[in-house]
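Here is a short briefing to keep beside you while you look over the model.

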Amino acid sequence: MQDLDANGITDAVIEQMAQTPDPRMREIMEAAVRHLHAFAREVKLTPDEWLKGIAFLTAVGQACSPIRQEFILLSDVLGLSRLVNVMHDATGREAAGTETSLLGPFFREQAPKIELGGSIAYASKGPEIVIFGQVTDADGKGIAHATIDVWQTDAEGMYDLQAHDPTVMEMRGQLACDAEGRFHFRTLKPLGYSIPMDGPVGAMVRQQDRHGFRPAHIHILVAAPGFRELVTALYFADDAHVDSDTVFGVSKSLVIQEALGLPDAPMPGIPSIRYDFTMSRDTAGGGGRVGSDPSRLVPAG
Ligand code: BEZ
Ligand code: FE
């Protein structure tokens, strides 16, 4: 007969799960129970509080739909997506490449293809900028014909899915680098935006007195055979929220600012950003990232 106190319960649960045949599942669940129980003991969680927690998680689940993933948003605002991705980046690739960033919920497959020098602003208006650079391997050798997907908000801070009906693709495109891995394209300077605040995660962020904003950024996904898909984003230094991103996507090495007169700028009359992307060869099969699940969900807007 078990006589379980606040500490004994943890050992009892772990003992019952000890026969789990999948060793990785056993390891993860054991640690999850240990940390979950330690958390409840640390904050002296009351039944009322835990019921509130369950109601919150229920609401998060209910806010999910085929076009909205509130659990990923929760993972993002708690910094867990960042943590898991950073750990993933540190393993199974040959050398440190360009730092990654969150995929986010606005990626869409099959964006319009543009030529080198083309623009992803098909209808939107605003201050034009040019992004140029080279995609290389870890030794600095250009990767011929690497493909780049780019997507961002317009000059008003809206993704196409928020500003237009879902058939419209705007402020996103796909281009192929040249034989040396070089690329350049035109876009508009994006504006920062708020994460979706109309669900339970937004309510929590508001209760925590957080602003809910992401600094202005341009999402980039670079792909080339034999290399780990690079999912990253470039963040504008002049955005007021660059040091307080609600979903913790910013890294110093990804902060940029457009300027005139850059050496090698292919369109010197337009403020430009040079950014070279370094790809890593995948040495351990890769695997997905938080936010890059196969369904590549988009929010309701
Ligand atoms: C985004 O960058 O688009 C994004 C990332 C995480 C949560 C919400 C939006
Ligand atoms: Fe974004």
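L51 counts as exposed because its relative accessibility is 56%, over the 50% cut-off. Please keep in mind that this is a predicted model. L51 is found in helix α3, an element that comes up again below in the nonpolar patch and in the largest pocket.

**Nonpolar surface patch**
- Together, W50, L51, I54, L57 and F71 make a nonpolar surface patch of about 470 Å².
- Helix α3, residues 47-63, gives the most to this patch, with four residues.

**Largest pocket**
- The largest pocket holds about 580 Å³ of space.
- It has 19 lining residues, and L36, F39, W50, L57 and L78 are the closest to its centre.
- Two or more lining residues come from each of α2 (23-43), α3, α4 (70-77) and α5 (80-89).
- The most come from α3, which supplies six residues to the lining.
- Sorted by class, the lining has 13 nonpolar, four polar and two charged residues.

**Cavities**
- The count comes to four cavities of 30 Å³ or more.
- The second largest cavity has a volume of about 110 Å³.
- Its lining is made of L73, D76, L102, G104, P105, F106, Y193, I195, P196, R214 and V247.
- Eight of these lining residues are nonpolar, one is polar and two are charged.

**Salt bridges**
- The model has 11 salt bridges.
- One of them joins R68 and D198, with the closest N and O atoms 2.8 Å apart.
- R68 sits in the loop between α3 and α4, and D198 in the loop between β5 (193-194) and α7 (200-207), so this pair ties together parts that are 130 residues apart in sequence.
- K189 is buried at 17% relative accessible area, while D238 is partly exposed at 48%.
- A salt bridge of 2.6 Å, N to O, brings together the side chains of R214 and D245.
- R214 lies in strand β6 (residues 213-214) and D245 in the loop between β8 and β9, so the pair ties together parts 31 residues apart in sequence.
- R214 and D245 are both buried.
- Salt bridges with shared partners join R68, E70 and D198 into one network.

Note on methods: Residues numbered from 1 in each chain as written. Chains lettered and ligands numbered in written order. Predicted model: local features only at pLDDT ≥ 70, side-chain atom pairs only at ≥ 80, totals over all residues. Heavy atoms only, no water. Patch = residues over 30% accessible without salt bridge, like charges linked within 9 Å, V, L, I, M, F, W, Y side chains within 5 Å. Areas by Shrake-Rupley, 256 points an atom, 1.4 Å probe, with all protein chains shown as cover. Salt bridge = Lys/Arg side-chain N within 4 Å of Asp/Glu carboxyl O. Buried < 20%, exposed > 50% of the residue type's maximum accessible area, 1.4 Å probe, protein only. 1 Å grid on protein atoms, 1.4 Å probe; cavity = no way out; pocket = protein on both sides within 12 Å on 5 of 7 lines; lining within 4 Å. Points joined across faces, edges and corners; volume = space filled by probe spheres on them. Nonpolar A, V, L, I, M, F, W, Y, C, P; charged D, E, K, R; others polar.
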